[in-house]
Amino acid sequence: MSGSLVIDWIVFIFAGFGIFFSLLRFLKGPSSFERLAAVDMMNVMFTGIIVLLAFVSKNNMYMDIAILYGLLAFIETVVFARYLEGRAKTIEKKHMQNTEMKSGEAK
Amino acid sequence: MNLEFSWQLLRETIGYLLIGLGSFFYFLAGLGLLRMPDIYTKLQTSTKATTLGTFSIALGVGILDFSFLGKAILLIAFVALTHPVAGSVMLRSAYKNKAPACKETTIDECGGIANDNGGDVR
């Protein structure tokens with residue numbers, strides 16, 4: 001079984017590099033959308049790595065954990081994205097109110 | 001060397017190939033997220049590559065160990081339902097906030113949405 005052990009190491013190293021690059025993007029991302037995208041991608045890769053852990057440790061319970069983790073990651077992504085979108089809406093509403101006030105003053 | 005055909009060897013070969021392909025796509029997704037110039041291309045590479053990576057990792061684990069196959073197929077169905085929605089929501093919030101595109105971008109196919117105040121979009 002040493003060959004399969006080497007393949008497991010290679011697989012975990014590749015997925016770990018993916019997570020490491022996402023973490024770098026999370027640390028240096030210029031806007032909050034890139035940070036959100038990096039967090040979402042890290043969650044997806046963690047789901048895949050939990051599935052790999054289920055295979056390596058021969059434990060069927062990790063698959064339930066992977067499914068639940070995917071569900072919670074999806075909810076987190078949608079909530080944060082809607083929050084950022086709503087923030088844009090309120091900023092734009094304030095901007096429109098300011099322009100309406102300025103146009104009212106001009107009239 | 002024993003070269004006779006066995007289902008066990010075929011199954012392990014296909015499973016490990018799928019797992020390796022999935023982890024390689026995870027690597028490519030991270031690289032695309034790190035190196036792409038703006039938020040739209042970053043979301044495009046990372047979302048599609050990680051979706052394919054999760055598909056092939058779950059399917060490979062299910063093929064390698066048949067007791068995982070039911071939950072692996074359940075996970076694949078769940079991922080196929082939720083990951084495109086999550087990517088679409090993130091992209092929509094970035095586009096509504098007028099996130100800057102890279103300078104190679106030549107066309108904005110839905111240019112009316114970000115600037116137009118009418119319709120069902122807002």
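Let me start at Val51(A). Leaving aside neighbours within four places in sequence, Val51(A) is in contact with Met63(A) and Ala66(A) in its own chain, and with Ile57(B), Ala58(B), Val61(B) and Leu75(B). Contact here means that the C-beta atoms, placed from the backbone, lie within 7 Å.

A word on the source. This is a predicted model, where local features need pLDDT of at least 70 and side-chain atom pairs count only at pLDDT 80 or more, while totals for chains, interfaces and linings use all residues. Residues are numbered from 1 along each chain as its sequence is written, and chains are lettered from A and ligands numbered from 1 in the order in which they are written.

Now the core. Val51(A) is among the residues with the most contacts inside the largest nonpolar core, together with Ala37(A), Val61(B) and Met90(B); that core has 50 residues. A nonpolar core is a set of buried Ala, Val, Leu, Ile, Met, Phe, Trp, Tyr and Cys residues joined through C-beta atoms within 7 Å. Buried means 20 or more other C-beta atoms within 10 Å of the residue's own, exposed means 12 or fewer, and partly exposed is in between, with C-beta atoms placed from the backbone. Two or more residues each come from α1 (2-28), α2 (32-56) and α3 (61-106) of chain A, and from α1 (7-35), α2 (39-64) and α3 (69-96) of chain B. α2(A) gives the most, 13 residues. Helices are DSSP runs of H or I with at least four residues, strands are runs of E with at least two, and both are numbered from the N terminus.

Next, the interface. The contact takes 41 residues from chain A and 44 residues from chain B. On the chain B side, α1, α2 and α3 each supply at least two residues, and α3(B) gives the most, with 15. That side has 26 nonpolar, 13 polar and five charged residues.

Chain B itself has four helices and zero strands. Of its 122 residues, 39% are buried. How many of the 26 residues of α2(B) are buried? The count is 20, so α2(B) is largely enclosed by the rest of the structure. Its end C-alpha atoms are 37 Å apart, which agrees with the 38 Å that 26 residues should span at 1.5 Å a residue; the expected span takes 1.5 Å times one less than the number of residues.

Most residues other than glycine have a negative phi. Lys58(A) is not a glycine, yet its phi is positive, about 55 degrees. Lys58(A) is in the loop between α2 and α3 of chain A, and is exposed, with 10 other C-beta atoms within 10 Å.

Note on methods
Contact = placed C-beta atoms within 7 Å. Nonpolar A, V, L, I, M, F, W, Y, C, P; charged D, E, K, R; others polar.
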